[in-house]
Amino acid sequence: MTDPTGTSGGPRRDPLLPNALTIAKREYVERVRSRLFGASTLLLAALAVFVAMSPMILRAFDSGSVTRVAIVADDPALGRTVADTMNQILIVGSPGGGSTWTLTLVSSLEAVAQSQYDAALVVTRETSGRLAFDLRTSQDISADKKQLLEIGTYGVGVIDAAQRSGAAVQVPTLTTTAIDGPNAGGKPVSSSEYASRRIVGIVFVVLIFITLVIYGMWVAAGVVAEKSSRVMELLISAASARQLVVGKVLGIGAAGATQYAVIISCALLALVVEERLSVALFGPSGSVAPSLVALSPALLLAFAGFYVLGFALYALIYAAAGSLVSRPEDLQIIALPLSLIAIVGYFQAVLALSGGTAGFIRFASYVPFWSPFVMLTRLSIGRVEAWEVVLSFGLLIVAIGIVAVIAIRIYSAGVLLYGQRPGLRAYVAAARRG
């Protein structure tokens, strides 16, 4: 037997190049030219545009809605004065058929808790005569409405001073706290910023999920198709298992990156148009907070990192599993168990979107199989230390190295298994023979 170097009996050299790049090019061209690729790209681009335009769409539905605000004051006369004055300010601040405001004078915060209000405005008068406001907002109230309430308190202070026989104008004090939501009891993150983070987090989680599951299945399906058509026998004789695995991962990964470039370009274009369109529909005061508020360069870099590493990890697993299947219909046997791993991570990411950092969610953000979902979600809401990100990436890279060795061993033996249904024994035996 003669090895590629021309010497006989020596160990066979197995360089990745140029075979791996040749295989990657073949996989890339086949995927990009397929009808499924074009149809899925159009569908996902439309979904991305819809999500990007969702703040404006929600504002359109919100127009004309009723916002209930409770006015709480120890002095009923002061409460009625504040309610009447604030009502006039809010009407002026909501032109063009904006939201309808309902201001209700209640006796205490306990009464507020018993009813459903979007906000509660607690007002007291200090010994100096200055008004003090405590605005308690629900997580359901929008940023522009909260801003109108905050501005209204200053207007009330000015009018109150004028009504008290020309007393010196004293700027009222204002504190803002959250009634509910992840920031309950403390000063909340800006509503626009929090909504922006959630939108970005949802988009990233969906894209990562598609990357790991759907494109991973493409890898497995490609291996099965080659085995069922007996093309694998020709490929394995011209390239090593390592070259085939790496080439498939690179080619399909590049196809996924191309699709993402189209999708993200459409989403960014929608965000640019969204602001102008919102002003045209709702007037100058109808500007919506763009989702780009939370789209920082660091978050984009983290998304790119988790996309590349997460896809590499799952693609290696799917390639090895696909090599153990001889017929396309048998692929479903291994599809569900592999998908469940990613689905568990997806649901944990959805829980993390609420802003919680429970112990299990934090632990899941370090687990390599789940970190592309959970850690990316935690980053989008901004509750992650730098060392946690480094640890998550480090563990993911180590896991890829370990999985790559095992996957290539399974693949090298599994591609020659014809007519056998996959099972635990087949996996173990293939890994040992590899």
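Mentor: Tyr 346 counts as partly exposed because its relative accessibility is 24%; buried means under 20% relative accessible area, exposed over 50%, and partly exposed in between, with a 1.4 Å probe and protein chains only. The model is predicted, so local features need pLDDT of at least 70 and side-chain atom pairs count only at pLDDT 80 or more, while totals for chains, interfaces and linings use all residues. Residues are numbered from 1 along each chain as its sequence is written, and side-chain values use heavy atoms, leaving out hydrogens and water.

Phe 209 is likewise partly exposed, at 22%. Rings of Phe, Tyr and Trp (its six-membered ring) pair if their centres lie within 6.5 Å; planes under 30 degrees apart are stacked, over 60 edge-to-face, and the rest tilted. By this rule there are 10 aromatic pairs. One of them joins Phe 209 and Tyr 346: the centres are 5.0 Å apart and the planes stand at 50°, so the pair is tilted. Because Phe 209 lies in helix 7 (residues 191-228) and Tyr 346 in helix 11 (residues 331-352), this pair ties together parts 137 residues apart in sequence. Helices are DSSP runs (H or I, at least four residues), numbered from the N terminus.

Phe 209 also pairs with Phe 373, with centres 6.2 Å apart and planes at 50°, so this pair is tilted. Phe 373 lies in helix 13 (residues 371-381), so its pair with Phe 209 of helix 7 links parts 164 residues apart in sequence. Phe 373 is buried, at 1% relative accessibility. Together, Phe 209, Tyr 346, Phe 347 and Phe 373 form one aromatic cluster.

Notes:
Helix = DSSP H or I, 4+ residues; strand = E, 2+ residues; numbered from the N terminus.
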